[in-house]
Structures are given as C-alpha cells and as structure tokens.
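Visitor: I would like a close look at one part of this protein. Please take me through the sheet, strand by strand.

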Amino acid sequence: MKEETALIREKLIEVCPVCGSADIYYEVGGYAGTVYHCKECGYIGAFVIEANEEMIEKIREKYEREREKGSK
Ligand SMILES: [Zn+2]
C-alpha cells in the first residue's frame with residue numbers, strides 16, 4: 001500500500017500581493033510588458049505572488065487590518 005498522503009502537494013496560485021485576492025487579470029504587451037490588475041483592491045503592477053492557502057489567508061488578514069486602520 002502506498003501512502004498517498006505523504007505526498008503533500010502545495011497548490012500555489014497567483015494572487016495579488018496587496019490583498020491576496022485571486023481575482024486578478026493581466027494585460028500582455030505594451031511598453032511595460034505584462035501588467036497585472038487586481039479587481040479587489042485596484043492593484044496594478046508587474047508582479048503577483050504565488051501563494052498557498054495559508055499565505056493567502058495571512059495576506060488577507062493583514063490587508064483587512066490595514067484597511068480598517070486606514071478607514072476614515
Ligand atoms: Zn488586490
């Protein structure tokens with residue numbers, strides 16, 4: 001019998017570095033190359049991060065906290 005659980009596969013997905021949202025899209029081409037847009041927070045930038053669910057949760061937590069702090 002093989003222990004399939006021994007093979008822990010980290011599922012990495014591309015998320016916004018600011019808010020951790022996976023709801024991003026990108027535009028290819030133009031002078032800047034690939035530019036990512038985040039629908040959630042409006043982030044526009046040349047990079048996104050590959051994160052697993054744990055990392056995403058941490059980014060989101062931080063983002064929520066910052067947002068609350070910064071709210072007028
Ligand atoms: Zn975002």
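**The sheet**

Guide: Start at Tyr36, which stands opposite Gly45 in β4. Keep in mind that this is a predicted model.

β3 and β4 form a hairpin with five residues between the strands. Gly42 takes a positive phi there, near 85 degrees.

Next, go to the other partner of β3. Strand β3 covers residues 35-38 and pairs with β2 over four bridges, again in the antiparallel sense. Two of the residue pairs can be picked out by name. Ile24 has Cys38 in β3 as its bridge partner. Glu27 has Val35 in β3 as its bridge partner.

The three strands make an open sheet in the order β2-β3-β4, with antiparallel pairing. Its edge strands are β2 (24-27) and β4 (44-45), and each of them pairs on one side only.

Now step back to the whole chain. The protein has five strands and one helix. Of the 72 residues, 11% are buried. Contacts across the sequence complete the view. Take those between residues at least 6 apart in sequence: 44% of them join residues at least 24 apart.

Methods:
Residues numbered from 1 in each chain as written. Predicted model: local features only at pLDDT ≥ 70, side-chain atom pairs only at ≥ 80, totals over all residues. Helix = DSSP H or I, 4+ residues; strand = E, 2+ residues; numbered from the N terminus. Buried ≥ 20, exposed ≤ 12 C-beta atoms within 10 Å, placed from the backbone. Contact = placed C-beta atoms within 7 Å. Pairing = 2+ DSSP bridges.
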